[in-house]
Amino acid sequence: MAKTIFITGASSGIGKAAAILFSKQGWNVAATMRNPQHENELQQYPTIKVYALDVTQTDSVTQAVEQALADWQHIDVLLNNAGYGLAGPLETASEEKVMDQFNTNMFGVMRTIKALLPNFRAIGGGTIINITSIGGLVGLPFNSIYHATKFGVDGLSESLNYELRPFNIRVKVVAPGGVITDFATRSLQRTMDGASVYDAALEKVFAAFGTNAANYSTADQIAEVIYQAATDDTDQIRYVAGQDAQALYGAWKSMSNEEFFAMVNQRFGLS
Ligand SMILES: NC(=O)c1ccc[n+]([C@@H]2O[C@H](COP(=O)([O-])OP(=O)(O)OC[C@H]3O[C@@H](n4cnc5c(N)ncnc54)[C@H](OP(=O)(O)O)[C@@H]3O)[C@@H](O)[C@H]2O)c1
């Protein structure tokens with residue numbers, strides 16, 4: 001029997017690439033997104049069905065899960081991919097922007113997991129894959145709120161493995177580095193509305209991030225890592241995805257915190 005994957009944020013980027021890859025591999029795909037009325041590519045794949053889902057709305061999550069289960073009867077893998085970036089100094093972030101960032105990137109993940117756990121228990125197991133970021137393992141400048149959400153999802157995932165193991169449910173994390181998607185354009189918000197005392201440092205940091213783009217992965221490459229996580233039948237929890245992410249994580253693991261802090265400061269032209 002074909003397996004089924006349920007994906008959030010499948011309208012573009014990594015989520016859409018994963019939907020297409022899993023479909024090509026013979027899976028049924030519940031491709032969920034905020035605005036399915038704008039989608040006209042995924043429906044061309046016979047094993048992909050598109051559903052409306054906004055991860056910030058519990059009712060929307062519940063309805064999409066019910067519809068997908070009515071269509072496919074079982075869901076074997078949940079891919080929590082929906083998310084966006086919030087960059088800039090913490091001090092300039094409104095409470096609303098901070099709350100919105102957590103509501104999507106972290107509480108959205110909790111909502112879908114809670115909605116799908118009864119299905120996983122009923123079918124005797126399953127796999128939950130949460131897309132975090134290298135910024136869920138390593139802190140970089142002027143991304144504190146985004147990193148907090150992704151570190152949060154990393155911790156959530158590691159801990160959940162203990163309570164879900166008796167039900168044969170695994171929780172995995174795919175942590176990409178830079179990926180060429182809409183993330184750095186329409187999916188990136190800034191904390192600041194105007195000038196601030198951080199502007200000189202910010203300019204250096206954003207310029208340095210810009211020069212790294214040559215090392216970014218494609219969404220298709222990250223989808224391959226997601227497919228591996230979904231099918232390798234191992235207890236591996238973290239999949240650091242992309243050469244840039246692996247290099248940075250390797251450096252972080254090989255250095256003391258103080259050495260790493262000095263290296264990042266130097267690389268970004270900070271103090
Ligand atoms: N690209 C990178 O460099 C990078 C690096 C590390 C981690 N990531 C992570 O990868 C994931 C996917 O991002 P991407 O790179 O593929 O960027 P993307 O192309 O901008 O995709 C982001 C997706 O999230 C969806 N989304 C945002 N808020 C949502 C909500 N409230 N409910 C449902 N869906 C929502 C977007 O839907 P709409 O079309 O409705 O806006 C879109 O489908 C994110 O979690 C991101 O943090 C990306």
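Predicted model: local features only at pLDDT ≥ 70, side-chain atom pairs only at ≥ 80, totals over all residues.
User: What is Thr234 in contact with, leaving aside its neighbours within four places in sequence?

Analyst: Thr234 is in contact with Arg170, Lys172 and Tyr239. Contact means heavy atoms within 4.5 Å.

User: What makes Trp27 and Tyr227 an aromatic pair, and which kind is it?

Analyst: Rings of Phe, Tyr and Trp (its six-membered ring) pair if their centres lie within 6.5 Å; planes under 30 degrees apart are stacked, over 60 edge-to-face, and the rest tilted. The centres of Trp27 and Tyr227 are 6.4 Å apart and the planes are at 70°, so the pair is edge-to-face. The pair links distant parts of the chain, 200 residues apart: Trp27 is in the loop between helix 1 (13-24) and strand 2 (28-33), and Tyr227 is in helix 6 (residues 219-231). Both Trp27 and Tyr227 are buried.

User: Why do the rings of Phe142 and Tyr198 form a pair, and of which kind?

Analyst: Their centres are 6.1 Å apart and their planes are at 75°, so this pair is edge-to-face. Phe142 and Tyr198 are 56 residues apart, and the pair links distant parts of the chain.

User: How do you know whether Phe142 and Tyr198 are buried or partly exposed?

Analyst: Phe142 has 17% relative accessibility, so Phe142 is buried. Tyr198 has 26%, so Tyr198 is partly exposed.

User: What is the phi of Phe142?

Analyst: Phi of Phe142 is positive, about 60°, although Phe142 is not a glycine. Phe142 is in the loop between strand 6 and helix 4.

User: What makes the charged end of Lys49 sit over the ring of Trp72?

Analyst: A charge sits over a ring if NZ of Lys or CZ of Arg is within 6 Å of the ring centre and within 35 degrees of the ring normal. The charged end of Lys49 meets this for Trp72, at 5.4 Å from the ring centre. The charged end of Arg121 sits over the ring of Phe167, 5.9 Å from its centre.

User: Why is helix 7 given its class of angle relative to helix 8?

Analyst: Axes are lines fitted to C-alpha atoms, for helices over the stretch in contact, and angles run from 0 to 180 degrees between N-to-C directions. The axes of helix 7 (residues 243-254) and helix 8 (residues 257-267) come within 8 Å and cross at roughly 140°. Angles under 35 degrees are roughly parallel, over 145 roughly antiparallel, 65 to 115 roughly perpendicular, and the rest oblique. Helix 7 and helix 8 are therefore oblique.

User: Which residues of helix 7 and helix 8 meet?

Analyst: Leu248, Ala251 and Trp252 in helix 7 meet Asn257, Phe260, Met263 and Arg267 in helix 8. The residues of this contact divide into 5 nonpolar, 1 polar and 1 charged. Here Ala, Val, Leu, Ile, Met, Phe, Trp, Tyr, Cys and Pro are nonpolar, Asp, Glu, Lys and Arg are charged, and the others, Gly among them, are polar.

Notes: Residues numbered from 1 in each chain as written. Heavy atoms only, no water. Helix = DSSP H or I, 4+ residues; strand = E, 2+ residues; numbered from the N terminus. Buried < 20%, exposed > 50% of the residue type's maximum accessible area, 1.4 Å probe, protein only.
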